[in-house]
Amino acid sequence: MKLTSNDETLAESKVLILYILNNINKAITNNALYKIVLSVVDMNYFYFQQFLLDLVKSDFVISYTHENTDMYIINDKGVKTLELTEDILPGILKLQVDTNLKYALDNVDEENSIIAEYTPVNENYYNVTCKIMENNECLFEVKTFAGSREQAKQIVENWKIHAGTMYPKLLEILTQNFENTPSNLDNHTEKNIGSPLDVYNYDVINRKPLDDIDDTNTVTEKNTSSNSSDIIEGNINLFDLVDKKN
């Protein structure tokens with residue numbers, strides 16, 4: 001779709017967006033809305049952004065932030081405007097929306113259900129958040145840290161690609177029945193992670209895998225106590241636990 005000075009063409013583009021939002025009948029992200037528009041008509045991304053911004057400024061569409069994501073939903077004024085202007089939208093476009101909408105929404109929902117992002121704190125510390133969403137609600141969320149940008153990117157990429165495999169394993173670990181008795185701890189066959197401070201010093205400051213750390217390099221005796229367990233309070237890299245399970 002080419003942007004021209006033709007008022008009818010501009011109006012048609014905005015009405016199409018209103019028509020799609022009205023048929024969705026729920027809040028949707030900017031990118032998801034654009035993908036649905038593309039399933040109907042070839043609209044330039046920058047033109048789409050301008051049309052959507054105009055609709056928000058005209059108070060036909062409400063924009064708000066949810067889970068750090070901008071969401072868009074048509075309001076009553078937008079619905080009334082659509083009722084008055086829907087006739088300018090070609091029937092073939094409305095048919096394409098009606099036909100493609102469910103398939104497009106299913107694809108968008110699947111893509112948006114797995115979310116992973118990282119935020120730098122300093123060059124040696126990155127907060128990483130991995131989520132599973134459904135209907136804009138968070139079903140599962142895990143937060144961890146990475147000792148480098150490369151590690152943070154790897155965690156994000158792994159979650160986006162392998163969340164379906166990792167999620168059940170994380171649940172299995174989280175729901176495991178750990179018997180915190182001295183005998184069980186002494187006989188534990190897996191290497192204990194230690195305290196959150198251990199993890200921070202090993203993985204962030206030294207930027208080495210836990211297995212590569214010599215026992216003489218521990219910060220304090222308290223941090224390397226043999227009574228530590230795989231279940232700890234604080235920030236823990238759960239992905240390391242998954243690797244150990246394998």
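**How the sheet and the burial are assigned**

Buried residues, meaning those under 20% relative accessible area with a 1.4 Å probe and protein chains only, make up 37% of the 246 residues in the protein. This is a predicted model, in which local features need pLDDT of at least 70 and side-chain atom pairs count only at pLDDT 80 or more, while totals for chains, interfaces and linings use all residues. Residues are numbered from 1 along each chain as its sequence is written, and side-chain values use heavy atoms, with hydrogens and water left out.

User: Why are strand 4 and strand 6 said to stand at the edges?
Analyst: The three strands form an open antiparallel sheet in the order 4-5-6. Strand 4 (114-122) and strand 6 (137-146) each have a single partner strand, so one side of each is left without a neighbour in the sheet. The twist from one strand to the next averages 15°.

User: What makes helix 6 a helix that packs on the sheet?
Analyst: Contact means heavy atoms within 4.5 Å, and helix 6 (residues 149-174) touches strand 4, strand 5 and strand 6. Its direction makes about 130° with that of strand 4, where axes are lines fitted to C-alpha atoms, for helices over the stretch in contact, and angles run from 0 to 180 degrees between N-to-C directions.

How values were computed
Pairing = 2+ DSSP bridges. Helix = DSSP H or I, 4+ residues; strand = E, 2+ residues; numbered from the N terminus. Buried < 20%, exposed > 50% of the residue type's maximum accessible area, 1.4 Å probe, protein only.
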